[in-house]
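My entries follow in the order I made them.

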Amino acid sequence: MTIDTIVYEQNGSLTSIAMMGEGTLKEVDIIDNAKAAEGNIYLGKITHKLDLANGRSGYLVDINDGKEAFLNAEENGVKETEYTEGQSIVVQVQQERRSEKGAKVTRSLQFVGTFLVYCPYRSHIDCSGRIFNEDKAQELRHIVQNNISGQEGWIIRTAAADASEEDIAQEMSELRKVYDMVRTKARAETAPCILYTKGNPLFDYMANNSMTLNKVIVNTRNMETEIKNEFDGDFSIEVLNEPFKAMGLDEEIISALSKEVRLKHGGRIYIEETKACVAIDVDTGDDHGGGAISRINEEAAVEIARQIRLRNLSGKIIIDFAGSSEYRYIKPLLALLEDELHKDSVRSHVLGLSRAGNVEIIRVRRRPSLSDIMSEECPTCHGTGRVEK
C-alpha cells in the first residue's frame, strides 16, 4: 500500500489530508483543529477518580475539550501516585474524543520530530520496522546512543534513514528544548490549558512516506513555502485551489461512508460499525462459478485492508468471509490480510479464526473513525437506520 501522493487542504479550522497510491485513495485524515488533537499536551485538572471493573481505576481530567478526558491510573508514573480532585497534571492526548467518549490521555509524553520521537520518561531506543536494512538500523541506534543525555528514550523514525549524524544530533537537542519549554510553561500556567500543540500533521505523513513520496498537492502558496523550508526531498509540489474537489476526493470520501462496497468481479462487502465492534460480511453476489468464492474472498481481503485504513476502523474487527469457514480455506486469507495490514502505519493484529468461523482483527485506536468525523447518530432512529412500520 505504497503512498506516492499526498493531498493537503486547509479550510478554517478544518484540515483534510489524503494519502494516495497509484491513483487510488488509501487513507484520509480530517482534523478539527478546534478539538484536542492526538499528540497535544495539556495542563489538565483532576475532576474525580473512577473505580472500574476488576479492581482497576482511572481519573477524569479536564483539558477544556468539551468532555472530560480519561487517564488510566494503572500506567507507569500514575499508579505510584495518588492524585486528588483539583490537582493539576501534565497529560498528552493519546486518543482523540469521539462522539460518546472523551479523549484518552497519558502521562508518558512523546515529542515527534522529523527523524526521531523523544520519550523523556523511557530509557530505551526503538527503531522503525520500515528501515529494513538491519545494518543501517544498527548504525542509527549507535548515533542516538552516542548523543543520549541522562536517562531518556528515543524512537528512530523511517525518515532517519536518509539523515546525517549531525541532523540527528541537532534534532535530539531541539526536542529536549521543547520538553523543557513544556515543563517551564506548566509551572507558570493555570489548569486547564494547552502547553504544546503538535506540528502540522502533513509533515508527519510526509516523513512516514518519505521513501516513496513523489508529489504533494496543497491549496495555498504559504503551505508550499513551509514544505520547502521543512523538507529537502525528491518530490514535486503542486498548488490547486480546491484539490479535494478537483481530484474527486470529496465523492470518494462520501462513498466511504456507505455500508456496501462493491468488488470489481461481482462480490460485495458489507461494513457495519457498532459500539462493540466492526462487523464485516463478504457476499459473493450472483457469482457462484468454479473457484468464484476463493477469488472473491481474496479480492475482498485486499479491499477490506484498504477500507480499514481508509475509514480508520479500529478496536475489534470481525470478518465473515463467504463460503466455508474451515481453517484450510481461511488460512491463505489470514496471510493475505496480514501482508496488507502490515503496510498500515497503525498497528493491527490478525488474531486468527474464531470457533464461530469468523476472522478477528484488533487495530489500535488513535483517532475517530471517518464516520464519527463525518456524521452523527440520527436523533429519530437512534442509529438503527430503520423506521417503524
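Which exposed residues does the face of H1 turned away from its buried side carry? I found Asp135 and Asn146 there. I note at the outset that this is a predicted model.

**Entry 1: helix H1**

I checked the length of H1, which covers residues 134-146. At 1.5 Å a residue, its 13 residues should span 18 Å, and the end C-alpha atoms are 18 Å apart, so the two agree.

I then looked up the buried residues of H1 and got Ala137, Leu140, Ile143 and Val144. Seen down the helix axis, the buried residues fall within an arc of 120°, so they line one face of H1. I asked what they pack against. The partners are strand E10 (116-119), strand E11 (125-127), strand E12 (153-156) and helix H2 (165-188).

At the start of H1 I found a side-chain oxygen of Asn133 within 3.0 Å of the backbone nitrogen of Asp135. I also logged a salt bridge between the side chains of Glu134 and Arg141, at 3.2 Å from N to O. Glu134 has 47% relative accessibility and counts as partly exposed. Arg141 is partly exposed as well, with a relative accessible area of 25%.

**Entry 2: nonpolar cores**

I turned to the largest nonpolar core, which has 48 residues. The members that touch the most others are Ile6, Phe111, Leu116, Ile156, Leu202, Met206 and Ile227. H2 gives the largest share of this core, six residues.

I picked Phe111 and listed its contacts, leaving aside neighbours within four places in sequence. They are Ile41, Leu116, Val117, Tyr118, Pro120, Leu175, Val178, Tyr179, Val182 and Tyr196. A second, separate core holds 26 residues, including Val261, Ile319, Leu337 and Ile361. For background, I wrote down that nonpolar side chains tend to be buried together in soluble globular proteins.

**Entry 3: salt bridges**

I found that the structure holds 22 salt bridges. One of them joins Arg367 to Asp29, with the closest N and O atoms 2.2 Å apart. Why does this pair tie together separate parts of the chain? Arg367 lies in the loop between strand E21 (359-363) and helix H9 (370-374), and Asp29 lies in strand E3 (residues 24-32), so the parts joined are 338 residues apart in sequence. I looked up burial for the pair: both Arg367 and Asp29 are buried.

Next I took Arg97 and Asp65, whose side chains meet in a salt bridge at 3.3 Å, N to O. Arg97 is in the loop between strand E7 (88-95) and strand E8 (104-106). Asp65 is in the loop between strand E5 (57-62) and strand E6 (69-72), and the pair is 32 residues apart. Arg97 is partly exposed, with a relative accessible area of 25%. Asp65 is at 8% relative accessibility and counts as buried, since the cut-off is under 20%.

I also noted a network of salt bridges that links Glu27, Arg309, Asp344 and Arg363.

**Entry 4: Asn40**

Is Asn40 buried or exposed? At 6% relative accessibility, Asn40 counts as buried. I located Asn40 in the loop between E3 and strand E4 (41-51). Leaving aside neighbours within four places in sequence, its contacts are Val91, Gln92, Val93, Ile194, Tyr196, Thr197 and Lys198. I had Tyr196 in my list for Phe111 too.

Key: Residues are numbered from 1 along each chain as its sequence is written. This is a predicted model: local features need pLDDT of at least 70, side-chain atom pairs count only at pLDDT 80 or more; totals for chains, interfaces and linings use all residues. Side-chain values use heavy atoms; hydrogens and water are left out. Helices (H or I, at least four residues) and strands (E, at least two) are DSSP runs, numbered from the N terminus. The expected span of a helix is 1.5 Å times one less than its number of residues. Buried means under 20% relative accessible area, exposed over 50%, partly exposed in between (1.4 Å probe, protein chains only). The arc is that of the directions from the helix axis to the C-beta atoms. Contact means heavy atoms within 4.5 Å. A polar contact is a pair of N or O atoms within 3.5 Å; within protein, one must be able to donate a hydrogen and the other to accept it, and residues adjacent in sequence count only if both atoms are side-chain atoms. A nonpolar core is a set of buried Ala, Val, Leu, Ile, Met, Phe, Trp, Tyr and Cys residues joined through side-chain atoms within 4.5 Å. A salt bridge is a side-chain nitrogen of Lys or Arg within 4 Å of a carboxyl oxygen of Asp or Glu.
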